[in-house]
Amino acid sequence: MKEHLGESKSLNISKWKSEVIALKKEKDTLYSQIIDIRKEVEQAESVRSCIEKLQQENREITQAKKQELDL
């Protein structure tokens, strides 16, 4: 707030308004980045889940084959 006070010690409204506009734009940009990152995380978690499922199925198949060989 102090940076908006001029020599007259009154608030410079135009500087304040332009800073508010700039900060709103920055907020919107950052929020958009957050949304993109959340989507990437969701995709990564989905891929991880699929890989874990495939690994589990592979272990089950391997165990079944071992049991067949033991018979």
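Mentor: Accessible areas come from the Shrake-Rupley method with a 1.4 Å probe. The model is predicted, and the accessible surface of the protein comes to about 7,000 Å², with 56% of that surface belonging to carbon and sulfur atoms.

Trainee: How many helices and strands are there in the protein?

Mentor: The protein has one helix and zero strands. Helix 1 covers residues 13-70. Of the 71 residues, 1% count as buried.

Trainee: Why is Lys27 called exposed?

Mentor: Exposed means over 50% relative accessible area. Lys27 has 53%, so the label is exposed.

Trainee: What makes Asp28 partly exposed?

Mentor: The value for Asp28 is 47%.

Trainee: What makes the contact of Lys27 and Asp28 a salt bridge?

Mentor: A side-chain nitrogen of Lys or Arg must be within 4 Å of a carboxyl oxygen of Asp or Glu. For the side chains of Lys27 and Asp28 the N to O distance is 4.0 Å, and the pair is therefore called a salt bridge.

Trainee: Which residue forms a salt bridge with Arg48?

Mentor: Glu52 does, with the closest N and O atoms 4.0 Å apart. Arg48 and Glu52 both lie in helix 1, four residues apart, about one turn of the helix. The structure holds two salt bridges.

Trainee: Why can Ile34 belong to a surface patch?

Mentor: Patch residues need over 30% relative accessible area. Ile34 has 39%, so Ile34 passes that cut-off. Tyr31, Ile34 and Ile35 form a nonpolar patch, with about 270 Å² of accessible area together.

Definitions and conventions. Residues numbered from 1 in each chain as written. Predicted model: local features only at pLDDT ≥ 70, side-chain atom pairs only at ≥ 80, totals over all residues. Heavy atoms only, no water. Patch = residues over 30% accessible without salt bridge, like charges linked within 9 Å, V, L, I, M, F, W, Y side chains within 5 Å. Helix = DSSP H or I, 4+ residues; strand = E, 2+ residues; numbered from the N terminus. Buried < 20%, exposed > 50% of the residue type's maximum accessible area, 1.4 Å probe, protein only.
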